[in-house]
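Try each task before you read its solution.

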Amino acid sequence: MKKRIITGLLAAVMAFQAPTAVFASESSQTAISPLAITEENEGEEALGGLVFDAGLEPAASAPGWTPEVNRLEAEAGEEQALKNTQDYGLIWPYTEMKGRKLWRGEKTKLYFNLYSRGSSADQYIIKLYQGAGTNGQVLGDVPKYFPGQKGFWVQTLGLNTEAFDPGTYTVECWALSYINGAYTETPNSRTSFQFQVVNDRIPLQSISMNTTGKQMRAEQEMEVKVTLSPADTTDDPMVKWSSTNEAAVVAYEGLYSSHTGGVAAKGNGIAYITAQVGGKAATCIFAVSPQTDLDFPFSDILIDTNNWKYVNTKYVYSNGIMNGISGTNWFKPDDPLNRAMFATVLYRMANSPATSFSNRFSDVKDKQYYSKAVIWANDKKIVSGMGDGSYGVERNITREQIAKMLYEYAKSSGKDVSARKSLDSFTDQSSVGNWAKEYMQWATAEGLISGKPNAGGGYRLDPKGEATRAECAKMLTIFDQKYK
């Protein structure tokens, strides 16, 4: 992000242009424009089809941030060049404003970045033309004063497209700095872009991110980019960024475009970062871990040898027993595992022996990822059905079902499964199904199931509770270490 800001600022001082005429103050704009400014109840100033927000908000609003200028001044070799740019105010549009399509009849906003050098006498101008260039009819122009506080800011331009005919329109903007008693146009600051007004709405279908997340180090920062589908949607494209855990990772809007956001690691923890556009959202997950493991790919588990989820997930992943969620960097440790997945895990542990498919269960069709695994497990009497002709492919597996499947797998492999332990010490032992008691006695004797603590003391088996992926990883780790 630092180099993007430097590039944008330096570009503004590469060439010097002759000073331009200064627009009248806001209180006397009717002298140069046939359109009058009226105050709206929302606290905005309206100029025909243009609406400017009355208030300005700092662009860098992430907790603990200082203005980017202060941070950039510390860059060796670039400090003096950056200081030179501070002799001028700057304005430039958000990149996603360029080439936008707007549905005729909607109210929308265009967004501009400002850099104020701290002089409230400086001005910036935003001008609207009809047509694909600055030679067309001027529909409106408004000068505004820069805020007196030095730093980066955001200005929004409201457009009520009911006042527009379908076609192409051009927005031009530039800045004027008050220096030595005279106004000077900021060198190379004048820029323009086009947008289109169309008759038919183009709704936003989905948004996506360029990452699903990753492990981060404390104080590390990263960029996250958002892509809209379709790209030419007429819906408002501005992205709202949020974090579920700002103590771990802060999310903030990019300087030039809200389609490029930033994440900054603050402290150990896991954070879900969401980018939302209208009613559509995309999410990535970042973990700031106290330890480093370059071979551990998952971004939703803290890397810490004291974290049982990490230790067991690391084992099953490294040994090819369990994988993460396809197409992501997630393991989803707290999500349930279904019966199809667990049969596949056992099949993988057995090195995926050759198996011929046959129709045995109503919900197990050929050429699914689990098809051969379920048939193999049924051949080995590791699994049976649900009693209704189905296997229960999509049903989440329970703890007592896992106990049975692991027991039968070990038995089919010729392992000793004679160990037993009384269930009397568990507060819910009576809830264990009669068919599952032997399996649960064996699983507790082998340490595969150790019980869950009760709020009031003691432990429960939770035999019919759904097992999470992390719990399955732990059971499989213990099982594999004992029986392989």
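A charge sits over a ring if NZ of Lys or CZ of Arg is within 6 Å of the ring centre and within 35 degrees of the ring normal. This is a predicted model, in which local features need pLDDT of at least 70 and side-chain atom pairs count only at pLDDT 80 or more, while totals for chains, interfaces and linings use all residues. Residues are numbered from 1 along each chain as its sequence is written, and side-chain values use heavy atoms, with hydrogens and water left out.

**Exercise 1. Find the lysines that lie over tryptophan rings.**

Step one: go to W330, where the charged end of K332 sits over the ring, 4.9 Å from its centre. Step two: turn to W308, whose face has K474 over it, at 5.7 Å from the ring centre.

**Exercise 2. Judge the confidence of the model through its pLDDT.**

Start with the scale: pLDDT is the predictor's confidence in each residue, from 0 to 100. The protein averages 83, and 82% of the residues score at least 70. Next, look at residues 1-49, where the pLDDT is below 50; beyond near neighbours in sequence, this stretch has 112 contacts in the model (contact means heavy atoms within 4.5 Å). Residues 51-55 also have a pLDDT below 50, with 21 contacts in the model beyond near neighbours in sequence.

**Exercise 3. Describe helix 6 and its surroundings.**

First, the terms: helices (H or I, at least four residues) and strands (E, at least two) are DSSP runs, numbered from the N terminus. Buried means under 20% relative accessible area, exposed over 50%, and partly exposed in between (1.4 Å probe, protein chains only). Helix 6 covers residues 371-379, and its buried residues are S371, A373, V374, I375, W376 and A377. These pack against helix 5 (339-349) and helix 7 (399-412). After helix 6 comes K381, with a positive phi near 60 degrees.

**Exercise 4. Which residues of the largest nonpolar core touch the most other members?**

A nonpolar core is a set of buried Ala, Val, Leu, Ile, Met, Phe, Trp, Tyr and Cys residues joined through side-chain atoms within 4.5 Å. The largest has 57 residues, and F342, L406, W442 and L476 are the ones asked for. Two or more residues come from each of helix 4 (308-318), helix 5, helix 6, helix 7, helix 8 (437-445) and helix 9 (469-483). Now zoom in on L476: leaving aside neighbours within four places in sequence, its contacts include V316, F342, V345 and L406.

**Exercise 5. Classify the aromatic pair of W442 and Y483.**

Rings of Phe, Tyr and Trp (its six-membered ring) pair if their centres lie within 6.5 Å; planes under 30 degrees apart count as stacked, over 60 as edge-to-face and the rest as tilted. The whole structure holds 21 aromatic pairs. For W442 and Y483, the centres are 6.2 Å apart with 40 degrees between the planes, and the pair is tilted. It links distant parts of the chain, from helix 8 to helix 9, 41 residues apart. Both W442 and Y483 are buried.
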